Amino acid sequence: MELSKDKVMPIKGQVQHYAWGGDFYLPKLLNLPVNKGETYAEYWLGAHNTGSAELISGDAEKILLKDYIHAYPAETLGQKAAARFGGLPYLLKVLDVKEMLSIQVHPAKAEAQRDFESENARGIELSAPQRNYKDNNHKPELMLALSEFWLLHGFKPVKTLDRILHEIPELHFLVPVFGNGNYKALYQHVMEMPQAQVNRHLKTLLDRIVPHYQNEKLKKNKEDFWAARAAITYSQKGDVDRGIFSIYFFNLLQVQPGHAVFQDAGVPHAYLEGQNVEIMANSDNVLRGGLTPKHVDVPELLKHMKFEPTVPHIIHGVEKEKAISLFPTPAPDFELGRIHLAKGQELPLLSYSVQIFLVLAGSVEVKEKSLTAFSRKKGEAWVSFDAAESKLKALEDAVIYRAAIPLIN
Ligand SMILES: [Zn+2]
């Protein structure tokens with residue numbers, strides 16, 4: 001493939017049809033026909049091996065963004081980012097969470113490198129179901145709610161967790177295990193408990209709350225609602241999913257549209273319901289702790305989990321430049337921005353390294369200096385390579401999300 005003179009190009013992402021996805025939101029956003037019985041969970045815009053975006057050019061040849069960046073790293077990423085990351089360091093997604101996702105933790109960078117090598121050395125195939133580490137990267141992630149969004153995020157503070165263990169009769173037996181805040185003892189206790197005991201403790205609880213859930217007597221701001229829903233979704237062959245304990249241990253958050261939450265390494269979390277824009281380091285390293293039919297490796301999970309309380313921090317956009325709000329995080333791999341333009345408004349842009357844009361509402365014209373222009377409407381995306389100069393002009397009121405890399409000094 002040849003290096004194009006265009007530094008700004010339309011791109012098309014990849015839909016992931018995971019079973020937990022909805023069947024309405026993404027087809028509507030992306031203007032896709034709905035296939036009956038199919039679910040639409042995630043839309044990926046990035047250069048990941050299992051779902052790279054595609055460049056839309058006039059050519060018949062299909063060019064994947066990952067191959068193009070791989071062929072021209074300095075021209076697309078810029079020298080500094082190419083030297084530091086070697087490829088596109090982030091992945092931008094839109095998620096439609098209909099069924100709750102597994103409880104999970106992501107490893108820190110050094111641990112991911114060590115443990116990825118260790119599984120390689122032990123000869124565990126990358127595609128094996130018991131394989132934990134798919135790559136040697138960390139996976140911090142930021143999610144920005146597009147609807148009212150529900151999630152579990154980090155352990156509750158000591159007092160709140162102690163109170164809930166007292167409040168729920170079936171969890172009383174855990175009060176002495178937790179003591180004055182022994183998060184590790186508490187979590188390890190339920191994760192290593194024989195399945196028969198898990199069933200015994202949780203069945204009494206579920207027998208009490210599931211009928212209330214079915215009669216729509218439970219509210220979403222109560223742990224019981226999600227515990228009952230999890231039991232209906234995930235309990236198999238008479239066994240109760242032990243992840244249900246965690247629903248009571250973790251902070252239950254309701255995030256309003258436009259607000260964001262950051263998941264750093266070691267913070268347990270689970271997405272429960274809603275739509276969001278998510279940006280993360282380019283990795284697939286997930287250690288699961290229940291609410292899933294997938295592999296749960298308890299010792300590996302315990303190794304990476306931070307056993308400390310989390311005080312949830314809701315991130316609001318900070319207006320840094322005209323029309324652009326940023327959602328800052330400590331991650332060096334990505335930076336999410338949101339652009340609001342009123343009809344007719346123009347915005348000049350200079351691309352630092354590679355940037356990916358996705359139109360969530362309205363439409364814009366994108367014009368690269370002295371080259372031809374193209375327009376992008378709701379659900380459509382484009383990429384802008386290092387040092388590209390372009391200008392946006394809103395054809396209607398528009399909301400656009402931008403994935404970028406923070407400046408490298
Ligand atoms: Zn995650």
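Which residues are buried in helix α6, residues 158-167? Keep that in mind while you look at the structure. One caution: this is a predicted model.

Here is the reply. Leu161, Ile164 and Leu165 are the buried ones in α6. Now look down the axis of that helix. The buried residues of α6 fall within an arc of 100°, so they line one face.

Turn to the other side. Facing away from the buried side of α6 are Lys159, Arg163 and Glu167, and these are exposed.

What do the buried residues of α6 pack against? Four helices: α7 (175-178), α8 (183-192), α10 (223-234) and α11 (243-249).

Take one of those partners, α8. Its buried residues are Tyr183, Leu186, Tyr187, Val190 and Met191. Seen down the axis of α8, they stay within an arc of 120°, so they too line one face of their helix.

Next, a loop. Find Arg131. It sits between α5 (109-121) and β9 (141-145). Is Arg131 buried or exposed? Buried. Its relative accessible area is 4%, and the cut-off for buried is under 20%, so Arg131 qualifies.

Which side chain does the Arg131 side chain make a polar contact with? That of Glu119, at 3.1 Å.

Set aside neighbours within four places in sequence. Arg131 is then in contact with Phe116, Glu119, Asn120, Ile124, Glu125 and Leu126.

To recap. Helix α6 has its buried residues on one face, with Lys159, Arg163 and Glu167 on the face turned away.

Notes: Residues numbered from 1 in each chain as written. Predicted model: local features only at pLDDT ≥ 70, side-chain atom pairs only at ≥ 80, totals over all residues. Heavy atoms only, no water. Helix = DSSP H or I, 4+ residues; strand = E, 2+ residues; numbered from the N terminus. Buried < 20%, exposed > 50% of the residue type's maximum accessible area, 1.4 Å probe, protein only. Polar contact = N/O pair within 3.5 Å; in protein donor to acceptor, adjacent residues only side chain to side chain. Contact = heavy atoms within 4.5 Å. Arc of directions from axis to C-beta.
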